[in-house]
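I opened the model to go through its domains, one of its sheets and some helix packing. These are my notes, in the order I looked things up.

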Amino acid sequence: MTHKNLIAGEWLAGDAEIENRNPSDLSDLIGMFAQASSDQLEATLDQAQVAQREWAAYGLERKQAVLNAIGTELMARAEELGTLLSREEGKPLAEGKGEVFRAGQFFTYYAAECLRQIGENADSVRPDIEIDVRREAVGTVAIISPWNFPTATASWKIAPALCYGNAVVWKPANITPASAVALAEIINRQDIPKGLFSLVMGAGRAVGQRLVESPKVNAISFTGSVPVGKGIAAAAIQNLTKVQMEMGSKNALAVMDDADLDLAVTLALGGAFGGTGQKCTASSRLVVHAAVHDAFVEKLVAGTQAMKVGHALEAGTQMGPVVSQQQLDENLAYVDLGKSEGAELACGGARLDMAQDGYYMSPGVFLNTTNDMRINREEMFAPLTSVIKVDSYDQALATVNDTNFGLTSGIVTTSLARASHFRRNARTGVVTVNLPTAGTDYHVPFGGRGDSSYGPREQGKAAAEFYTTVKTAYISAGPV
């Protein structure tokens with residue numbers, strides 16, 4: 001059976017199909033998935049414009065009920081859909097279930113936001129004139145989401161887009177289509193206009209490129225790599241289309257000489273290897289004070305070697321496979337690169353032969369690295385982390401900030417003064433103190449600086465800036 005795209009409100013086959021296999025066990029075929037044609041994309045964009053006008057006119061409580069129903073179903077089905085997610089993406093089952101539950105929370109949060117009126121009144125500087133400032137829907141939003149959080153990242157874009165009255169045309173990553181179809185089925189069952197929400201699975205260079213170049217799209221929200229993001233921005237500017245982009249990162253966790261070392265190691269292991277290191281918030285640079293360097297490294301390497309790598313759905317698995325052969329090849333190339341740059345590979349970083357044929361590798365730790373090495377400049381998106389030794393807090397902060405990226409950073413310290421100074425002076429969009437660099441809440445802004453982000457912030461109330469446009473009205477009621 002081929003799973004279809006949702007085109008202009010109808011489930012339709014495409015002009016091709018791809019297979020989706022389990023990276024934990026390549027003999028497990030999850031299904032075949034349709035690839036949308038360019039004609040289908042045009043048809044669904046046309047219908048989206050019609051549906052959006054109808055949706056914008058829905059009452060507040062009617063919209064709220066739709067988003068609440070989506071969120072409630074996702075949370076209720078977290079076990080089932082989390083299992084599907086882990087099966088196709090490779091993250092351990094606990095992480096898959098947690099992701100689906102979090103996706104549901106995005107929808108229930110924005111369900112409540114449907115009732116929160118976002119506008120203000122003012123008096124004019126001219127006599128007897130009142131001013132009404134309100135936010136209205138942008139129109140049709142193209143959402144391009146990644147494979148590493150196939151349900152959560154899509155949801156934190158789709159939920160506010162619908163909340164604020166927009167139509168959505170969603171192109172998910174082609175490597176995780178099953179989770180996309182499952183979410184699309186839930187959304188499409190709701191009380192929404194035909195064609196308000198579309199699922200267009202297909203190759204980025206074909207469907208994705210056509211989508212971002214379309215004058216029928218009013219805004220584009222993208223999460224992915226820096227080169228693809230720059231290409232989308234270049235295409236979007238031709239139509240002056242609004243863009244929001246979350247891209248790469250090179251996050252650092254600074255471990256100070258006064259840190260609780262056991263806590264620091266736990267944070268580093270979870271931040272570096274959670275999700276097989278395939279997170280934009282992963283701790284890929286560990287900036288460690290010389291006074292505790294050797295003790296930290298000893299515990300870190302021991303903890304890394306003790307991690308249980310295995311099938312995503314097996315009990316006890318702490319780290320699953322990487323997502324694809326291409327990703328595995330790139331990861332192993334970074335291992336070779338690090339060695340060639342003079343870094344010491346203390347453990348891991350090798351392909352693993354397991355009971356099932358899958359894309360397994362052992363988590364790796366580089367030692368004796370400097371911040372100018374490519375392994376510390378480029379996003380690897382791998383279960384690899386580098387230790388960088390520093391002699392002081394000031395050097396640690398400078399090293400953390402010495403990057404083209406700026407998504408998350410963290411510090412492990414018992415000094416309130418250092419924690420406060422770091423929080424104010426780390427040049428990242430998210431800062432953590434005695435917490436992992438990975439893991440954020442759904443009701444507050446998320447985003448970064450530099451090459452990490454472009455455009456308005458995602459999540460929380462900040463999402464309104466992207467998914468709405470401001471209208472200022474002047475009203476003269478005339479004499480009484």
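Which feature does UniProt place at residues 11-472? I found "domain: Aldehyde dehydrogenase" there, from an unreviewed entry. I note at the outset that the model is predicted.

**Entry 1: overall make-up.** I took the secondary structure over residues 11-472 and got 40% helix and 21% strand. The end C-alpha atoms of that stretch are 40 Å apart.

**Entry 2: domains.** I then looked up the domain assignment of the protein chain. Domain 1 is given as 2-247 + 452-474, and domain 2 as 252-433. Taken over C-alpha atoms, the centres of domain 1 and domain 2 are separated by 31 Å. How many residues of domain 1 are in contact with domain 2? I noted 24 residues of domain 1, which touch 27 residues of domain 2.

**Entry 3: a sheet.** I traced an open sheet of seven strands and wrote down its order as S15-S16-S17-S14-S13-S18-S19, with mixed pairing. At the edges I found strand S15 (344-347) and strand S19 (430-433), each pairing on one side only. Direction ignored, neighbouring strands of this sheet are turned by 25 degrees against each other on average.

I looked at one pairing in detail. Strand S13 (residues 251-255) and strand S18 (residues 408-412) run parallel and are joined by four bridges.

Entry 4: Which strands does helix H9 touch? I listed S13, strand S14 (283-289), strand S16 (364-367), strand S17 (384-390) and S18 for this helix, which spans residues 261-273. The direction of H9 makes about 170 degrees with that of S13. I also checked helix H12 (residues 393-401), which lies across S13, S14, S17 and S18. H12 runs at about 165 degrees to S14.

**Entry 5: a helix pair.** I turned to helix H7 (residues 204-213) and helix H8 (residues 226-237), whose axes are 8 Å apart. Are H7 and H8 parallel or oblique to each other? They pack at an angle of about 40 degrees, and H7 and H8 are therefore oblique to each other. On the H7 side of the contact I recorded Gln209, Val212 and Glu213. These meet Ile232, Ala235 and Ala236 in H8. By class, I counted four nonpolar, one polar and one charged residues in the contact of H7 with H8.

Technical notes
Residues numbered from 1 in each chain as written. Predicted model: local features only at pLDDT ≥ 70, side-chain atom pairs only at ≥ 80, totals over all residues. Heavy atoms only, no water. Pairing = 2+ DSSP bridges. Helix = DSSP H or I, 4+ residues; strand = E, 2+ residues; numbered from the N terminus. Axes fitted to C-alpha atoms, helices over the stretch in contact; angles between N-to-C directions. Contact = heavy atoms within 4.5 Å. UniProt positions renumbered as here; feature names shortened; annotations may be inferred. Parallel < 35°, antiparallel > 145°, perpendicular 65-115°, else oblique. Nonpolar A, V, L, I, M, F, W, Y, C, P; charged D, E, K, R; others polar. Domains from an automatic or database assignment.
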